[in-house]
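Grab a pencil and work through these exercises with the structure open beside you. Try each task yourself before you read its solution.

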Amino acid sequence: MSTSVTDRAESPQDQRNQKIVVRDLEKAFGDNLVLKGITTDVHEGEVVCVIGPSGSGKSTFLRCLNRLEDVTAGSVSVSGYDLTDPKVDINAVRQHIGMVFQHFNLFPHMTVAENIMLAPTEVKKLSKSEAKEAALRLLDRVGLKDKADARPASLSGGQKQRVAIARALAMNPDIMLFDEATSALDPEMVGEVLQVIRDLAESGMTLVLVTHEMGFAREVCDRVMFMSDGSIIEDGDPEQIFENPQQPRLQDFLSKVL
Ligand code: ADP
Ligand code: MG
């Protein structure tokens, strides 16, 4: 089922396809309970930003969505796969959900195109020529077609991050997770990466982004979640979160970052 841009953000209880369903999610590291019962849904085509202070559990939450972390209690399902089912095919799940990190982790000994072709040829068993064609299309999409044969070391940080996004898109995911994708970049490179993310948002892809870019969150996201101390303590449309925050902890956070 597809969702048009115009009917997004309307009734939250409607029948749209839920891409991510999280119920009472808890995550502990030893006796440190880091996620304290998170319940939320993300619909197909929705663009959700997660904001909150350092250490509040934002990265851990994202990592539970593609099972980079095992959950301690509660349930997470993504694109119809129950991640808490020990029998779930985690490789199949990860084909539906791409992730981009603060640090790009490109393979330095491979060209840009080879980095992007790796998972499609290894996991999806595409032929080299099919994978190359797809890689060139994706590089065009992120504005880097002329860098196909370059090595990552010759690229700027912003270019590397755009390659990392293209690499995640190469598996044709229906959900993309971004964990502070612009935090490690020099300020002049932030805009080019945000523009690529904005294009993905406009294409109707389901996105969950942890970000410190409050202007971006306000403009591009359908919904903003504020996390504090392992819980989502406020969740609403950007206008409500930024113009009319209810919780003192959110008011305090915004007074520091805006
Ligand atoms: P945020 O992304 O909001 O800064 P994190 O999810 O990274 O927060 O971290 C939340 C808490 O979980 C922190 O107290 C952090 O030290 C702890 N934590 C995160 N990952 C691990 C880990 N692999 N082992 C132990 N503790 C962790
Ligand atoms: Mg983090």
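**Exercise 1. The chain as a whole**

What percentage of the 258 residues of the chain count as buried? Work that out, then describe the overall size of the chain.

Solution. Before we start, note that this is a predicted model, where local features need pLDDT of at least 70, side-chain atom pairs count only at pLDDT 80 or more, and totals for chains, interfaces and linings use all residues. Residues are numbered from 1 along each chain as its sequence is written, chains are lettered from A and ligands numbered from 1 in the order in which they are written, and side-chain values use heavy atoms, with hydrogens and water left out.

Step 1: Buried means under 20% relative accessible area, exposed over 50%, and partly exposed in between, using a 1.4 Å probe and protein chains only. By that rule, 50% of the 258 residues count as buried.

Step 2: check the size. The radius of gyration is taken over C-alpha atoms, and the globule rule is 2.2 Å times the number of residues to the power 0.38. For 258 residues, a compact globule would come out near 18 Å, and the chain has 18 Å, so the two agree. Along the principal axes, the C-alpha atoms fill a box of roughly 50 × 45 × 40 Å.

Step 3: look at the contacts, meaning heavy atoms within 4.5 Å. Among contacts in the chain with a separation of 6 or more, 64% are between residues 24 or more positions apart.

**Exercise 2. Helix 3 and its cover**

Solution. Step 1: helices (H or I, at least four residues) and strands (E, at least two) are DSSP runs, numbered from the N terminus. The chain has 9 helices and 10 strands.

Step 1: go to helix 3, residues 112-122. Its buried residues are Val-112, Ala-113, Asn-115, Ile-116, Met-117, Pro-120 and Thr-121. Here's a handy bit of background: an α-helix has 3.6 residues a turn, so residues three or four places apart point the same way.

Step 2: see what lies over them. The cover includes helix 4 (128-141) and helix 5 (157-169).

**Exercise 3. A pair of rings**

How many aromatic pairs does a search of the whole structure find? Classify what you find.

Solution. Step 1: rings of Phe, Tyr and Trp (its six-membered ring) pair if their centres lie within 6.5 Å; planes under 30 degrees apart count as stacked, over 60 as edge-to-face and the rest as tilted. The search turns up 1 aromatic pair.

Step 1: the ring centres of Phe-226 and Phe-253 are 5.3 Å apart and the planes make 40°, so this pair is tilted.

Step 2: Phe-226 is in strand 9 (residues 223-228) and Phe-253 in helix 9 (residues 248-257), so the pair ties together parts 27 residues apart in sequence. Both Phe-226 and Phe-253 are buried.

**Exercise 4. Individual residues**

Solution. Step 1: Thr-182 is in the loop between strand 7 (175-179) and helix 6 (187-202). At 6% relative accessibility, Thr-182 counts as buried. Not counting residues up to four places away in sequence, Thr-182 touches Val-190, Val-193, Leu-194 and Glu-213.

Step 1: Lys-256 sits in helix 9 and is exposed, with a relative accessible area of 63%. Its C-alpha atom is 10.0 Å from that of Pro-53, though they are 203 residues apart along the chain.

Step 2: Ser-231 lies in strand 10. Leaving aside neighbours within four places in sequence, Ser-231 is in contact with Lys-36 and Phe-226.
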